[in-house]
Amino acid sequence: MTYKIGGKDLKSRFFIGSGKLPSYAIIPEMVEKAGVEVITVAVRRINPEAKQENIMDYIPGHCVVMVNTSGARNAEEAVRIARIGRELTGSDWIKIEVETDAKYLLPDNEETLKATGILVAEGFRVFPYISPDLVMAKKLEKAGAAAVMPLAAPIGTNKGITCAALLRPIINEVGIPVIVDAGIGRPSHAAEAMELGADAVLANTAIATASDPVAMAVAMAKAVEAGRMAFEMGLLAEKEFADASSPLTGFLRRTE
Amino acid sequence: MIQQELRDAEAMFQSHRTPAVREDLMSIVSKDFLDRMDYLKLLAAADDDMEVLERMARRAHDITERYFGKVVLLYVPLYLSDFCTNGCVYCGYSTVNKPYKRKKLEHDEIRAEMATLKKKGFDSILLLTGGDRKQSSVQYIADAVRIASEFFSEIILEIYALTQNEYRTVLEAGASGLTIYQETYDRELYDVVHLSGEKKNYDYRLEAPERAIEAGLKHINIGALLGLGSAVRDMFLAGVHGDYLQRNYPEVELCFSYPRIRPAGSVSGPSDPVDDIRFVRFILATRLFLPRAGISISTRESASIRDHLVGLGMTRMSAGSRTTVGGYATDSVRQGQFDIDDGRSVNQIVDMLRTRGYRPEFTNWVKGIA
């Protein structure tokens, strides 16, 4: 079943990052086997004059390139990087990443909002990467973002869904798609994000550092699918006590 | 202020008299975040405990992959000029050496060298000069940066300490970062090994990274010249300096290099030599203490050490380096700043990284965005 995001109809709800991959040459196989349709590419890693391998040569034509502004320290830099990224890739999907904290790589929501406003006005499909903050997510929606990308845990920590209590309100309250990004270390984390109701999940570190990145991407994609399936049918609530399958008070409701 | 933090760290160093026991070290290694005392204990651990070292290596490997992925950035140094007015007893460019004919590259030579390096695939360049403000003036350096920005996306400078306004001048010319080593954090020793010249001013050099950051440079590489003074002390204080910068300027991309003293035509050998085991422990301790900091290892280290440090903390390495002025576009048999050990070509380094399951990366910043 397809869903709509950033003006495109997609099937896959599993997005991959490319920054930490051991080789770009594995991208085509990963895309094919895991059914990936969206790949993020950092503008700071695209070298149009590259003599060595250039990532753009490895991304299959049917994939959507989501350009990211990693390395930007403020809105102004993010905007300039986004423009260069569109020029270099031809894609107008921009993941705004503004990190003023090089230690934990936590995003600067305020600068991200500023950049979103500017880039939306310039016709970009804007995907802001944020700390999970409902108020900010709503402001971004109002500013015209195509989706919001709240983190589940700091980038690269593999800690999983550490802040479900903050993600859930965003998923429930914003009208644009929610892509859970960062912190996904295992397939079970990806499934959990999808069970919560996220529209898609993005992972990079967990795949890139696996002993077999292609196999891990496949495992993640399956988990994303499983989590989505469960969400769509409506998850059963967890219970604190055992529940007998035939009611114990059934005799009181006899209607003969 | 950095001076106060270093004084506190110095006191901490002086109070740490006996190496920590193994249990203590093992529990430090498994902590999520290390404090300064933990870092000091790892640096000062006994050299013969290979079990602790192995545990540190495993942890450093995990942290490095988690934060940096399977990627090592390759850069190349280009020496623009070896004119120098400083008397540093450990350096091949120093005025204390037997006089030799100095050289500086003219604009067309700079362009030729850079074109050659670009052809080899490099996109990140380190530009170096000696400490002669007349021969390699700020204007001369800014001109070189402007030429470099025609070719490279990342341009890092390793030059004498500048004022904040001068840092702004090179930033506006297109520089993205600064490499500046304190050499030794031991004030007294600093005074002894820097016989003369502007570099003799310890505090002016110590505060240079902050002036560069205030001017807007985004990448800062600091470190100490290992072997000059007490190696553990220099490692510790350099780590504290980095920790201080990271806390106060979280937007900066911080990186460390710890060159070990190598022969450079000068008289002085290392007073506290750092063997391979200790060197590796220092690198691992740095990774554990500051997980996000880059670690750069130059060709003054051997091929074997550099290969084994892939995945153990190293995030940047130079390749195919010459430490003579120029020397890429035309061969040169001149006096270098230090002797290199790993003489492999860039293609050989690329092959080595790929064989080890790592991606050699050449591009680290967006061309045209200083």
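## Interface between the chains

In this predicted model, 29 residues of chain B are in contact with 29 residues of chain A. On the side of chain B that touches chain A, the elements giving two or more residues are helix H4 (50-68), strand E6 (253-257) and strand E9 (359-361) of chain B. Sorted by class, this side of chain B consists of 12 nonpolar, 7 polar and 10 charged residues.

## Nonpolar core

The largest nonpolar core has 198 residues. The members that touch the most other members are Phe127(A), Ile179(A) and Val201(A) from chain A, together with Ile125(B) and Leu127(B) from chain B. Strand E1 (residues 71-81) of chain B supplies the largest share of this core, 9 residues.

Which residues does Val201(A) touch, not counting residues up to four places away in sequence? Its contacts are Arg13(A), Phe14(A), Ile179(A), Val180(A), Ile184(A), Ala190(A), Ala193(A), Met194(A) and Val224(A). One of these, Ile179(A), is also listed among the core residues that touch the most other members.

## Helices H1 and H3 of chain B

Helix H1 (residues 2-15) of chain B and helix H3 (residues 36-43) of chain B have axes that come within 11 Å and cross at roughly 50 degrees. An angle between 35 and 65 degrees counts as oblique, and H1(B) and H3(B) are therefore oblique to each other. Their crossing is right-handed.

From H1(B), the contact is made by Ala9(B), Met12(B) and Phe13(B); from H3(B), by Arg36(B), Met37(B) and Leu40(B). The residues of this contact divide into 5 nonpolar, no polar and 1 charged.

## Helices H6 and H7 of chain B

For helix H6 (residues 138-151) of chain B and helix H7 (residues 164-173) of chain B, the axes come within 8 Å and cross at roughly 20 degrees. The crossing of H6(B) with H7(B) is right-handed.

H6(B) contributes Val138(B), Ile141(B), Ala142(B), Val145(B) and Arg146(B) to the contact, and H7(B) contributes Glu166(B), Thr169(B), Val170(B) and Ala173(B). By class, the contact of H6(B) with H7(B) comprises 6 nonpolar, 1 polar and 2 charged residues.

Conventions: Residues numbered from 1 in each chain as written. Chains lettered and ligands numbered in written order. Predicted model: local features only at pLDDT ≥ 70, side-chain atom pairs only at ≥ 80, totals over all residues. Contact = placed C-beta atoms within 7 Å. Helix = DSSP H or I, 4+ residues; strand = E, 2+ residues; numbered from the N terminus. Nonpolar A, V, L, I, M, F, W, Y, C, P; charged D, E, K, R; others polar. Axes fitted to C-alpha atoms, helices over the stretch in contact; angles between N-to-C directions. Parallel < 35°, antiparallel > 145°, perpendicular 65-115°, else oblique. Left-handed = near helix turned anticlockwise from the far one by under 90°. Core = buried A, V, L, I, M, F, W, Y, C linked by C-beta atoms within 7 Å. Buried ≥ 20, exposed ≤ 12 C-beta atoms within 10 Å, placed from the backbone.
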